[in-house]
Structure formats: C-alpha cells, structure tokens
Amino acid sequence: MLPENFLLSGLRKPVISGLTRPEAWRRKQLKQIEVLIEKHQDEVLDALATDLGKPPTEALFELIALRGELKLAQRQLSRWMQPRHVQVPLAHQPGQAEVILDPLGCVLIIGPWNYPFSLTLQPLISALAAGNTAVLKPSEHAPATSRLIAHVIPQHFSSEVVQVIEGDGAIAAALIKQPFDHIFFTGSGAIGQKVMAAAAEHLTPVTLELGGKSPAIVIDGADLSVTARRLVWGKGLNAGQTCIAPDHLLIQEQLKQPLLQAMKGAITELYGGDPLRSPHLAKIINDCHFQRLQHLLDQAKQRGKVLSGGQIDPDQRRIAPTLIDVDKRDDPLMEEELFGPLLPVISVHSLNEALAEVRQQPKPLALYLFGGTHADQQQLLNTTSSGGVCFNDVVMHVGIPELPFGGVGASGMGRYHGLAGFETFSHQKSVLRRPFWLDLKLRYPPYKANLAMLKKLLG
C-alpha cells in the first residue's frame, strides 16, 4: 500500500498554480540537486559500495554523469524555456504563432538497481528543469542507495516538489496505477511492459529505458590491442551490469584468435592475475542474479566453451570477466540480456553477415563497431536500428549530455539527457494570437467565395 499521506493532487498543486513556471523556481530546484550531490558525495560512494561493491572510481562515474547533466541544464535553461516562434501562413494573418513548452505536472520516476543513484536523479534533473514535480521510486534491490535517497531528498526539497516512496514490486505496482502525468521507468523489458499496460489505463505517457543484447562487431581495420582493452573495460564496468554494456561479440573469423589473446591480456592488465581479488571489480547485485549467471556459466563449462576466466566467488557474489565461445545462435547465452561479466564470442565471415545477425534480433539499446572504413560505418547506420551507435569504443556515448539517450523497439521508447530530457517532461503547446481588426467574411457562411479562385490558391 502507498503511504497514507500520499496525495497526487498535492504534488500537482504547485504546477497547476503556476508556481513552477518561472525560471527562478526551476533554477532553485537545480541548485538543490547540486547542493545534494556535493554534501552527500561520500555517503553515495558508501551506499554504492554496499549495494554493488562498486570501486570508488566507478561510483564517482555516477556523480560525474549527474554533474554533467546538471551543468548543461543550468547553462541552457533560459534558451530551452524560450517560446519557439512559427511563421504564420498568409491565410492566417494577421497573427502570431508560437510553441510553448509547458510542464506536464507530477511525474513518476522509477529507478533501476544497476546505477541506482544517477539513473534515479538524472531524469529528476530534466523533470525539474521542465517545471514538474516528481515522485521517486528507488530500486529495492539496491537498499542502501534507496535508503540514502529517501533520507537526503527531504533535506533539500519540499514534499510538494519531490517525494520518495520506497518499497518492493507491490509498491511500484500501486504507484503505476496512479494517474501521474508521465512515468519514467528504467529497468527490464518484462517490467516495462507492465508499466506501459498500467499507464494505458489513464493514457499516461511513458518513457521506457530498457536494454537488450547490445552487440559489438570487430572487423578488419580494428586496432586489436585498443579494441581488446575497451571491450574488457566495457564488459567489466559494474561487473557487466550496464544496460549498454557489450552483450556479445561478433568477430570476423581471421581476427578471432589474435583478439581473444589480446583480451586475455587486457583482463590481466585491468584486473590482475586473480580478478576475484581485484578491488576494481564490482559484485553481482543479489543471489538471484548471481545464481542465474552461475547457471549459464556452468552450462558453458559443461560444453567446454569457456575460453578464459570462469572463476566465481559465491560468498562475495563475484564472477571474473569470462570469454565464452558460442557457435550456435540458439545457445542459452544468446536468449536474453546477460547483465553480467560473461561475454559470448561468435565468429562471422564478414560485416554483412554480422549486420544480418543484428537485424535478426530485437533492436538493441547500443550497437558497436570496431574497425572498418567510413563506408562500413555508414552501411551499419543505414541498415540497422538501435538506440545508439558507437564506433571504435563502447559505453562512452552515454556520457555526452547533449546526445539524446533512449531505446527503440524492444530496447525502449522515449529519450532523455539535455534538451531531449527537457522536452520529454514538457508538453509542446501550440499558441496562436490574432487581433480583432481584420475579420474577412469569406470564411463564414453563407459561402460566396469563387471556388475556381480557391482551387488556384490551394495550388
């Protein structure tokens, strides 16, 4: 059940009354997020270490992402808020037309467990910049971070502006049944379907940031040493629990062995000879997810497909970065998003074959290509659909606040970051202003206009 004192009408009131429309109000809220981040930085790092075993550097990535988003919003807010003037056709003159970005009202933000602090507060920045109020539902699977968010938000925001409601899936289910003005969800596709179904009851618009099996393709022209290091980093980041982590590799056949050798060396370079003892490798979020990955790994070991790694520590919920050979597209490792440090490796003869494989799967959140020519890059852009594309690197595109971020098809709908986030939490309201001094009778019955003349005017 929801808290007894929860009233959606109370959170809508500041928006309806016009309190949230001035730029000064919005800047005040953004400043409060800035103060919150600065004041509670060490607590955030501790919570992320507790929930996910995140090394301090990786935990700082979450705060860096928030600061980047916040600085962009603060710098561009005046421009984003300006009405956009539209040219008025001759038939509508005299008049002035413009598009005004209105706040939607009160929005619900459901955060994920893999980046539980940044991916809960980052959409909040966009929502507040656009003049909305918000309810935050942090993930119960990252309990230390959830408690921290619930503790610090009331210190910096009025309960009429931002509220935090903690709880399990039953609480989330109760929240999405409420008639919010927008629901922003980050998580799995299965839960995203439930969110969308519940939102449909009130025709509530949704943004779904999901995931999927994001492929990385390696073809001739790739610097194998750099490629190996970047792939291992992207897969090892947060122990593979990143929605845009490379899920599997499609490697041109003649490059397979040299790349695998380079990747084995990169694993040692980044995580040492015994990755399970490395202070730079995070842990799996909980026993359920660990056991799922362990089962997949055990199956691969039974088939003799583990090429490198495979060590596990159930007590610490740690799994070493592991390379696994896959020669069948119906392999269990290819059935769903892995969300862990297991990396299936598939041989392909050419870029065309790799792209054909990509097109046979649901549209991924990210698509990576290492090597090739500009023509190869253009071929990938022209013949595939994905949330985003990164050439010769992984993950890094998400760190550019000016780039819209979001999925397509099974990997999600809607977008945020920067202006895209501001527009997601805004309604583009069309406005036409006309004077009284010219009122032509041609538009009114009884119609006396010459039809031949009107047809000429219509072209």
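About 1,500 Å² is buried between domain 1 and domain 2, with carbon and sulfur atoms giving 54% of this area. Buried area here is the accessible area (1.4 Å probe) that two parts lose on being put together, summed over both. On the domain 1 side, E58, W113 and S411 lose the most area to domain 2; together they account for 33% of what that side buries.

The model is predicted: local features need pLDDT of at least 70, side-chain atom pairs count only at pLDDT 80 or more, and totals for chains, interfaces and linings use all residues. Residues are numbered from 1 along each chain as its sequence is written, and side-chain values use heavy atoms, with hydrogens and water left out.

Domain 1 comprises 8–210 + 411–431, and domain 2 comprises 215–399. These bounds come from an automatic or database domain assignment. The C-alpha centres of the two domains lie 31 Å apart. Contact (heavy atoms within 4.5 Å) involves 16 residues of domain 1 and 21 residues of domain 2.

The criterion is a side-chain nitrogen of Lys or Arg within 4 Å of a carboxyl oxygen of Asp or Glu. Eight residue pairs, both members at pLDDT 80 or more, are in polar contact across this interface. A polar contact is a pair of N or O atoms within 3.5 Å; within protein, one must be able to donate a hydrogen and the other to accept it, and residues adjacent in sequence count only if both atoms are side-chain atoms.

On the domain 1 side that touches domain 2, α3 (41–52) and α4 (56–81) each supply at least two residues. Helix α3 gives the most, with four residues. Helices (H or I, at least four residues) and strands (E, at least two) are DSSP runs, numbered from the N terminus. The residues of this side divide into seven nonpolar, six polar and three charged. Ala, Val, Leu, Ile, Met, Phe, Trp, Tyr, Cys and Pro count as nonpolar, Asp, Glu, Lys and Arg as charged, and the others, Gly among them, as polar.

The structure as a whole holds 18 salt bridges. One of them joins D102 to R21, with the closest N and O atoms 2.8 Å apart. This pair links distant parts of the chain, 81 residues apart: D102 is in strand β2 (residues 96–103), and R21 is in the loop between α1 (8–16) and α2 (23–39).

UniProt, in an unreviewed entry, places the feature "active site" at E209 and C243. They span 35 residues in sequence, yet no two of their C-alpha atoms are more than 9.0 Å apart, so they gather at one spot. E209 lies in strand β7 (residues 206–209). UniProt positions are given in the numbering used here, feature names are shortened, and annotations may be inferred rather than shown by experiment.
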